[in-house]
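Here are my notes for your first read-through. Keep the structure open beside them.

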Amino acid sequence: EMGSKRSNPKQEDQDLEENTFFRTLRAKCPDVWELAAAEQLVVCIPSEASTQGMAMNRSAFETHTIRASPFFAGIYETLDGKTVELENSVIETAQGFKERRRVDVLFEELHYNADYKPFRVVCISLPFQGGASVVPPRLAEEERFQDRASLSECLAFIDSVSVADSSAMTRAKKAVSDFERSYVLVKGYLGHARRKLMGIVEVATEELVLGNGNSLRECKYNARSRASVQRSVDAVVMSYAFPKLMASIRDMYKEEDCLLSEAMRQRQKSSPEEYGASGKLSSLDLSGPVKAAARLDDVNTPLDKMTLLQQVSQSINASVEHAKSNGTVSSSFLLAADDLLPLLIFTLVKAQPSHLASNAAYLEHFGNDATPEGDFHAANLRAAADYILTHCA
């Protein structure tokens with residue numbers, strides 16, 4: 001490292017050179033520091049006051065060294081496989097952490113590696129995990145309105161806020177039953193069915209908020225909190241509709257599912273290069289993503305399927321990083337969004353989900369509101385299914 005320069009300091013009274021975490025990182029795990037410099041990662045240094053009682057070991061240093069996701073703006077992955085979200089100088093811990101924390105970026109410094117390329121070192125108000133138990137007063141309430149990753153989490157959340165009135169979801173379940181009795185699903189018009197179900201979701205969200213004014217008062221003036229609640233309601237409503245809805249979709253796409261299943265069966269010995277992936281990735285071990293993708297038929301709601309697809313994408317990225325660390329792939333290789341689709345196609349071919357066309361149609365029409373990244377995953381799954389059907393079947 002050839003030097004540093006502080007950028008936009010918010011707190012001049014803190015000196016990283018005197019910060020115990022910073023000094024211990026460079027003394028005990030110089031390889032982590034050198035990796036951050038070489039790959040221009042972001043090193044997050046908890047403020048001195050917040051590290052009381054914190055274990056300063058390799059695990060902690062890897063947790064606080066992050067790289068930008070090649071797929072999603074504002075999403076960063078730690079060296080030990082967790083994720084954080086950075087927006088407006090606030091970092092929120094996400095997947096892989098035992099608790100959600102909102103951490104302020106106090107200031108940042110630009111450091112320079114041996115090639116005079118910059119990398120960021122940021123001082124943060126709290127560690128991502130461990131350390132002093134300093135919790136902002138409103139954190140518990142803000143945590144209630146975080147997006148959830150599974151149907152079970154959404155059910156638990158709705159149950160926890162339905163203190164005064166729990167009837168909204170009962171009426172929503174009846175509305176779904178009425179929809180199923182009166183509505184005929186037609187291939188090519190699934191978007192209309194989605195609008196009908198979204199009407200049920202919107203009514204149920206409004207009734208839930210109105211009936212539980214104390215526990216959901218923030219939703220009356222905070223659009224982000226209300227959107228989070230609506231996504232939880234959407235997951236539950238779609239779980240009511242899933243059995244008959246998916247049965248109908250599978251019947252509509254039976255022929256495509258059969259063609260795709262046969263095409264995937266015949267191409268079990270194919271390589272990522274055959275689908276357009278870089279030749280540098282020909283020996284990539286994708287057994288982890290394949291194992292995850294094989295569960296696509298086993299999860300039901302759009303939210304659970306989207307979460308699974310996100311895990312597949314993250315696992316693909318982790319496989320590339322692992323290959324870089326053991327020398328199978330050049331350490332200078334950067335996985336771009338253009339590389340993801342060929343690797344996803346290869347992963348799906350190896351995983352052989354039985355109803356790939358049905359899942360693609362289901363998520364294309366009913367899953368794009370399930371998560372903030374829903375459109376991205378739905379579009380990638382549709383593109384992968386179309387490619388296999390067009391070029392392989």
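Which side chain meets that of Lys244 in a salt bridge?

1. The partner is Glu180, with N and O 4.0 Å apart. Keep in mind that this is a predicted model. Lys244 sits in helix α8 (residues 223-252) and Glu180 in helix α6, so the pair ties together parts 64 residues apart in sequence. Lys244 counts as exposed, because its relative accessibility is 53%. Glu180, at 23%, is partly exposed.

2. The whole structure holds 23 salt bridges. One of them joins the side chains of Arg267 and Glu274, at 3.0 Å from N to O. Arg267 is partly exposed, with a relative accessible area of 23%. Glu274 is also partly exposed, at 41%.

3. Now look at helix α11 (residues 302-325). Lys324 and Glu321 are three residues apart there, about one helical turn. Their closest N and O atoms are 3.7 Å apart, in a salt bridge. Lys324 is buried at 8%, and Glu321 is buried at 19%.

4. Next, the strands. β2 (residues 42-46) and β3 (residues 65-68) run antiparallel, joined by two bridges. β3 also pairs with β4 (residues 75-78), antiparallel, over three bridges. Ile66 stands opposite Val42 and opposite Thr78 in β4. β3 and β4 form a hairpin with six residues between them. In its turn, Gly74 has a positive phi of about 85°.

5. Last, the surface. Val184, Val186 and Tyr189 make a nonpolar patch of about 330 Å². Val186 lies in the loop between α6 (167-182) and α7 (190-211). Val186 is partly exposed, because its relative accessibility is 39%.

Conventions: Residues are numbered from 1 along each chain as its sequence is written. This is a predicted model: local features need pLDDT of at least 70, side-chain atom pairs count only at pLDDT 80 or more; totals for chains, interfaces and linings use all residues. Side-chain values use heavy atoms; hydrogens and water are left out. Patches are made of residues with over 30% relative accessible area and no salt bridge: like charges are joined within 9 Å, nonpolar side chains (Val, Leu, Ile, Met, Phe, Trp, Tyr) within 5 Å. Accessible areas come from the Shrake-Rupley method with a 1.4 Å probe; for residues, only the protein chains shown count as cover. Helices (H or I, at least four residues) and strands (E, at least two) are DSSP runs, numbered from the N terminus. Buried means under 20% relative accessible area, exposed over 50%, partly exposed in between (1.4 Å probe, protein chains only). Two strands pair if DSSP finds at least two bridges between them.
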